[in-house]
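Please look over the sequence and the structure first.

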Amino acid sequence: MPYITPLLPAYPEVFLLVMVCVILVVDLFLSDDHRIVTYALTQLALAGALVLTYVTASAEPVTTFSGMFVDDLMSDVLKLLTYIGVATMLVYSRAYIAARGLYRGEFFVLVLFATLGMMVMISASHLLTLYLGLELLSLSLYSMVALQRDSPVATEAAMKYFVLGALASGMLLYGMSMLYGATGTLGIAQLADTIFYGGARDVVLVFALVFIVAGLGFKIGAVPFHMWVPDVYHGAPTAVTLFIGSAPKLAAFAFIMRLLVQGLGAEQLVGEWQQMLIVMAVLSLAIGNVTAIAQTNLKRMLAYSTIGHMGYLLLGILSGNLTGYGAGMFYVVVYVLMNLGTFGMILLLSRSGFEAENLEDFKGLNQRSPWYAFLMLLLMFSMAGVPPTVGFYAKLTVLQAVINAGYVWLAVVAVLFSLVGAFYYLRLVRLMYFDAPADTAPIAPRGDFRILISLNGLAVLLFGILPEPLLALCLYSIQVSL
Amino acid sequence: MLLGFNLLNLAIWIPIAFGVAVLVTGSDRNARLARVIALIGAVLGFAVTLPLYTGYDRLATGFQFTYFAPWIESFNVNYHLGIDGISLLLILLNSFTTVLVVIAGWEVIKERVSQYLASFLFLSGVMNGVFSALDALLFYVFFEATLIPMFIIIGVWGGPNRVYAAFKFFLYTLAGSLLTLVALIYLYNVSDGSFSLLDYYRLPLPLAPQIMIFIAFMLAFAVKVPMWPVHTWLPDAHVEAPTGGSVVLAAIMLKLGAYGFIRISLPIVPDASHTLAGFVIALSLIAVVYIGLVALVQADMKKLIAYSSVSHMGFVTLGIFIFNAHGLEGAIIQMISHGFISGALFLCVGVLYDRIHSRQIADYGGVVNTMPVFAALFMLFAMANSGLPGTSGFVGEFLVIMGAVKANFWYAAAAATTLVFGAAYTLWMYKRVIFGAVANPRVGALADLNAREFLVLGLLALAVLTMGVWPNPFAEVLHTPVNELLNHVAQSKLR
């Protein structure tokens, strides 16, 4: 066996880490005029990781580092989507961060470190690797929120994010330590085995579970652990909000899969976390959708809408079967796609010294630019889950899983709150289409931005007309990975 | 060819493709091009539906012109199309109305012309989809997809209170249909993973779930029809929508609900339909009588016609739920006839509105002195709306009343009051608007119909009269599917 083989599953991570170090050094020698080199290198690093992940992908799970790191199809798919999400976010953000003095090496290095954190989270099969990835991601995100250091809102948001995030990490760690106490292992597969064969004390396990679910709740921003979401979404520079709201959700999904489903998926425990998730899901749907109505700031509104969407994600997971997990994965992928587009539109309308973050700023967009208004219309209807956009199928698959698991009432609650949700998405459509424009500044993004956001918006429609490829990919990758 | 050469595919996708073309090529500077492309699309869309009628086998049972392709294999959802006589007539009506709407908006719409026309073309294609879908999820997707263009139509080109009306329209309909989705997923699970309507028709179900499913379906379809007491969105939507929007709403969109009852509710949950028929009939009769009285006191012409639509659609639901051939056939004929008549009446109001910019009855009077041709055509449609023999309005109402007599004399007696109320509110409005002395100088300055308006109203007059004196071409395609449906509904699924 060649010497290098055991590292093979981790090649993308290794490559990205090397590239981050290279970029960190190269950037030191660049003047502001040549910052484009950093940008290009960052995109190159993501493209390289993409190629490596694609080439090493296989349906068969492969573990390495003594079983601490796993490369299965679910992780490959999620990682590929992560790279695409991050690369898209960089394209969208470029003009925005340049106008706000954030177009510096730090931004790109932090983005890549966060990406690396997500990749580790996605591939972790050991509580320590999970935690390592999570902290790498979280710490990068905290500093990204605070990157605009002269802005009091951003600083406040970063502080809140950090304190609450640290608290959540503490809870997770506490839960993990209890798991270790109960089972004597930190490996996820061994954890599952020990619990399955009855080698663990149930009381301790349930306690551990409570802490872990609370920690997860914090990380994805589900009610009642959602307090940080609106403030961070609102306070962070929009480019960073876009980042927080997109790719990390994929990692969070993987995190939940690894920890709750793979690690704590034994029958006696599923019943326990199902109950907790039901409460969290219903509350998230209710509070997220209802509170979003009262917002006038678009970023805050989207923050609450995110909470509602996370409620839907939890619905998919709590149904406790493979279709449900597949539905959850499909939901989160679709959510990331829509979120990228929506925040991309905010970035599109923002310019130097002006943040298009209020609902009012979208007034009369149809008269300013019918094409972008149409894209935003698609995104909004997709968020609301109206066919023929992909958001409908995301909700459909989740509802199917929930009803299949026997929770018809949950499905009814979910659709009722998505009706409430439809109201505030429609409000944005109304502003764009029914009202006269207040702002007449021309919208002239760069070519790459223009193409990408058009593709992004059309993808919402295209996957709505032909959802099968994406849906089948999600269901299949969950099937062969769990 | 990607979708295979199937007339139903063409009927759905030609309007949509032309809608895209209109959006891409058209701008307000080049509105004429957009209008021409839209007209070609609409006419072509209508033309491809004609062979459906001529090629339709009147004696065969089951669905014809079927097309089947896998769509979402993970959930066993198929792109399955097919029509029977009921859907055939509705598809013809829809494609025909689209042509009229495009012509009717020719000079009237000056702002964002391409978006206006594209919305109607999308709507037309999507509604053809609803009428030809044989897969429950496909049906639902098409059913819901009608909301987006209509929301835009009402909200962008509507009257002063259009935002309220557009939201009310959208949220009301969405609220109704979301529970239908839950019911469909439930059916998917109990039928071992199928979304096919044909599988659902054969699926045995106990009464309790049947009733739950019936109620979920009914919420969606009753809002769409609309039945009393969930009709309140309709007057708002109609009054605020531009003329074309009102026409499509009244002529086609309301039929989606009734079609849903016929295609989905009745055959899938027949026992629940029988159990709850009394309830639906009661609501229908309230709509016929009470809403007829409400229409009497309206001061706004569009609102009056909107209420008249609710009242006439009450006839349709009544006819469906008395479960006999006369009732059901009458209901379907009434749907088609109401499509022509209400569309024509809204166009008539549109003609007046374009000239005087008022819909209030009180602002008119003596229009016959300045617009004699218009007055004559309006007279025909008003008479048809009151159910005068010789017009299409008579045929459907007569059949439904005949069916109702068989079911229960008092149903028929209550329903027949509409012949009085309908005549009262329509003709009274007509009298106040058209006859009498010229009410004000603006009426005195009115110009009669131009060629375009005459063409649109003339075509509709022709349709109304043809259907009135010679209903057989319409009725003959209905006999087989109606009998098939009634036989199916008569068999209990409680096994």
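The sections below cover the salt bridges of this predicted model.

## Overall count

Side chains of opposite charge can pair when their charged atoms come close. Over all chains, the count comes to 23 salt bridges.

Asp236(B) and Lys168(B) form a salt bridge, with 2.8 Å from N to O. The two residues belong to distant parts of the chain, 68 residues apart. Asp236(B) sits in helix α10 (residues 233-240) of chain B, and Lys168(B) sits in helix α7 (residues 162-190) of chain B. Both Asp236(B) and Lys168(B) are buried.

## Salt bridges of Glu453(B)

Glu453(B) meets the side chain of Arg355(B) in a salt bridge, at 2.8 Å from N to O.

Glu453(B) counts as buried because its relative accessibility is 6%, and buried means under 20%.

Glu453(B) also forms a salt bridge with Arg452(B), where the closest N and O atoms are 3.8 Å apart. Arg452(B) is buried, as is Glu453(B).

## A network in chain A

Which residues of chain A are linked in a network of salt bridges? They are Glu156(A), Lys160(A), Asp231(A) and Arg300(A).

How values were computed:
Residues are numbered from 1 along each chain as its sequence is written. Chains are lettered from A and ligands numbered from 1 in the order in which they are written. This is a predicted model: local features need pLDDT of at least 70, side-chain atom pairs count only at pLDDT 80 or more; totals for chains, interfaces and linings use all residues. Side-chain values use heavy atoms; hydrogens and water are left out. A salt bridge is a side-chain nitrogen of Lys or Arg within 4 Å of a carboxyl oxygen of Asp or Glu. Helices (H or I, at least four residues) and strands (E, at least two) are DSSP runs, numbered from the N terminus. Buried means under 20% relative accessible area, exposed over 50%, partly exposed in between (1.4 Å probe, protein chains only).
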